[in-house]
Amino acid sequence: MPTVRVNVRLELGSQYQIIIKIGGQVLHFQDSGSQTISLDSRFYIAKIAGFQDPTNTNSTVFVEFKQASTVLNSITIDERKFIKLLNVDVN
Amino acid sequence: MKKNIIAFFVLCILSKASVAQDFNAILSQKAEQKQQSAKDAADQKINFKSVVTNLIAGRYYQALVKNGIINQGDGELKIKSTIYGLIRIFDSTKREKTYFEKFRWARNTEFGAGVELDKNNKIQAFNPSLTIAILNKREYKGKANFFDKNGISPTKIEEATKILDKAISKMEEEVNVITDPEKRKEKIAAIAAINDKFNKSAVDFSIYEKWLSKEEIKELGSKWKELTGKYDSLQKKLSGAPLLTYGYEGGYSGSKWNKLNNKLEFLVGFGGTTKDTTRKYDFYAGVFYDITQDTLNKLSSLNRNVFTAKIGVNKVLFKHDADGSSIIEVFGGAEYQNISKGIYTGEKKDFLKLDLTFSFRLAKNLYLPFELKYNATTGRFEGYLDLKFDVVNIFK
């Protein structure tokens, strides 16, 4: 089963609450980091939802999905409260 | 310049004496070099870069300009940043949560400097400034995660957005049943376009009406609104917390100081019905001690000292629907001024003014206040119109 690495980089803030749901699996991030998940080879839509630091107007979140060295998709979010859907086609 | 002239003459003499055949080539090369030097001298960017590189490492110059820390204009160079802003430029690893918390002090200290240069890149005037947030309760400093502590857990986010999973499953299925690679590619592109539209919208769930019923869209919207409403409330509560800042502004030109201004300002929200309610009013208090050059006596510097104390209450009358920022606000208060040195002829040593100010928002953090003051000492009304920059937002 292929593995997908989910990289999250949180900038300019200390308080975050973000969930990423893909293939029924829910990942949780409160700080920058990476998590690896196993997924079948098929097409997915990742749901990225959450909140950024309420006291920092310049908060930005960068989310990236990687399979080995290939970037499947990525998104930069600068809204403080957000829901984003992202195509992730796992090979 | 002198070196160039000497070199030119030496080259001329040498070329005449022993290498006459190369004279024209050398002369032409020198002329080109001179022409380029003249172009460079006229180029603000090259000129300023050479000055800046003496102050800071050249390779960071572009990053400082890009991040708005350095601004250069016609014979003018301005630097403005928090210390944290600089740390981030010089060490890009300091973006993590731990660094953000560790360098809190650096975010609460902003410095600035304006430098005016003459044609020889010599400093003509220097205007330093410093603002320190001595007390800043507008930042959350608790050890527990802000969202966990206030009931916005990952489970709550998942619950509030769960209905959207139905649309996601249906869209995924539409792609995964296609076996033809080209058609599959086209379908993925079509879904990407829809998701892109949603991602750019203000969370408009109706974009997924093909896969969700009207009731589901309504329920989804209602759940998300409930959760974000809680977030908005917490955010507003923090924005009314106490803030105490110290500010300094200096001015140096013509080989002497003409301004050394100090101010201490305090701001806190009040008037909510419960502890968690958004504050209705802002209490403001500020003391200023301005040591300036008398505009009528420019021979000596810093010969006029003015102490000012202001106190009052601010009320936002109209807010922007989208971001909740103030459009029109009113300030009512009093101002006491005492001139301890450099009183003009006919001027009172101290006076009390009652102040009523209406501020109109022109752009983000930029206001046009109309001030109406009643001078209790002279019994006269005074009107003022001036642009104001919202410094409070620096520390948000």
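Which residue takes a positive phi in the hairpin of β2(A) and β3(A)? Gly23(A) does, with a phi near 55°, and the hairpin has 2 residues between the strands. Some notes on the rest follow.

1. Ground rules. This is a predicted model, where local features need pLDDT of at least 70 and side-chain atom pairs count only at pLDDT 80 or more, while totals for chains, interfaces and linings use all residues. Residues are numbered from 1 along each chain as its sequence is written, chains are lettered from A and ligands numbered from 1 in the order in which they are written, and side-chain values use heavy atoms, with hydrogens and water left out.

2. Chain A overall. Chain A has 0 helices and 8 strands (helices are DSSP runs of H or I with at least four residues, strands runs of E with at least two, numbered from the N terminus). Along the sequence the pattern reads β-β-β-β-β-β-β-β. Of its 91 residues, 63% are buried (under 20% relative accessible area; exposed is over 50%, partly exposed in between, with a 1.4 Å probe and protein chains only). Among contacts with a separation of 6 or more in chain A, 65% link residues 24 or more positions apart (contact means heavy atoms within 4.5 Å). The accessible surface of chain A is about 3,100 Å², with 41% of it on carbon and sulfur atoms (Shrake-Rupley method, 1.4 Å probe; for residues, only the protein chains shown count as cover).

3. The open sheet. In chain A, 4 strands make an open sheet in the order β4-β1-β6-β7, with antiparallel pairing (two strands pair if DSSP finds at least two bridges between them). The edges are β4 (33-38) and β7 (70-77) of chain A, each pairing on one side only. Neighbouring strands of this sheet are turned by 15° against each other on average, direction ignored (axes are lines fitted to C-alpha atoms, for helices over the stretch in contact, and angles run from 0 to 180 degrees between N-to-C directions). Inside the sheet, β1 (residues 3-11) and β6 (residues 60-67) of chain A pair in the antiparallel sense over 7 bridges. Arg9(A) stands opposite Phe62(A) in β6(A).

4. Strand β2(A). Have a look at this one. Because 6 of the 6 residues of β2 (residues 17-22) of chain A are buried, the strand is largely enclosed by the rest of the structure. In a regular strand the side chains alternate between the two faces of the sheet. Here Gln17(A), Ile19(A) and Lys21(A) point one way, Ile18(A), Ile20(A) and Ile22(A) the other, and all are buried. β2(A) pairs antiparallel with β5(A) over 5 bridges, and 5 bridges also join β2(A) to β3 (residues 25-29) of chain A, again antiparallel. Lys21(A) has Lys47(A) as its bridge partner in β5(A) and stands opposite Val26(A) in β3(A).

5. Chain B overall. Chain B has 12 helices and 13 strands. Buried residues are 33% of its 396 residues. In chain B, residues 24 or more positions apart account for 48% of the contacts with a separation of 6 or more. Its accessible surface comes to about 23,800 Å², 57% of which belongs to carbon and sulfur atoms.

6. The interface. 39 residues of chain A are in contact with 47 residues of chain B. The two chains bury about 4,000 Å² between them, 57% of it on carbon and sulfur atoms (the accessible area, 1.4 Å probe, that two parts lose on being put together, summed over both). On the chain A side, Phe51(A), Ile83(A) and Leu85(A) lose the most area to chain B, together 17% of what that side buries.

7. The cores. The largest nonpolar core has 35 residues, and Leu164(B), Phe205(B) and Tyr208(B) have the most contacts inside it (a core is a set of buried Ala, Val, Leu, Ile, Met, Phe, Trp, Tyr and Cys residues joined through side-chain atoms within 4.5 Å). Elements that each supply at least two residues of this core include β5 (43-51) and β8 (81-89) of chain A and α10 (164-176) of chain B. α12(B) gives the largest share, 7 residues. Phe205(B) touches residues including Ile83(A), Leu164(B) and Trp224(B). A second, separate core of 25 residues includes Val8(A), Leu27(A), Ala46(A) and Val63(A).

8. Two phi values to check. Most residues other than glycine have a negative phi. Ala68(A), in the loop between β6 and β7 of chain A, has a positive phi near 55°, and Ala68(A) counts as exposed at 73% relative accessibility. Val203(B), in the loop between α11 (181-200) and α12 (214-239) of chain B, has a positive phi of about 50°, but Val203(B) is buried, with a relative accessible area of 19%.

Technical notes. Lists of a residue's contacts leave out its neighbours within four places in sequence.
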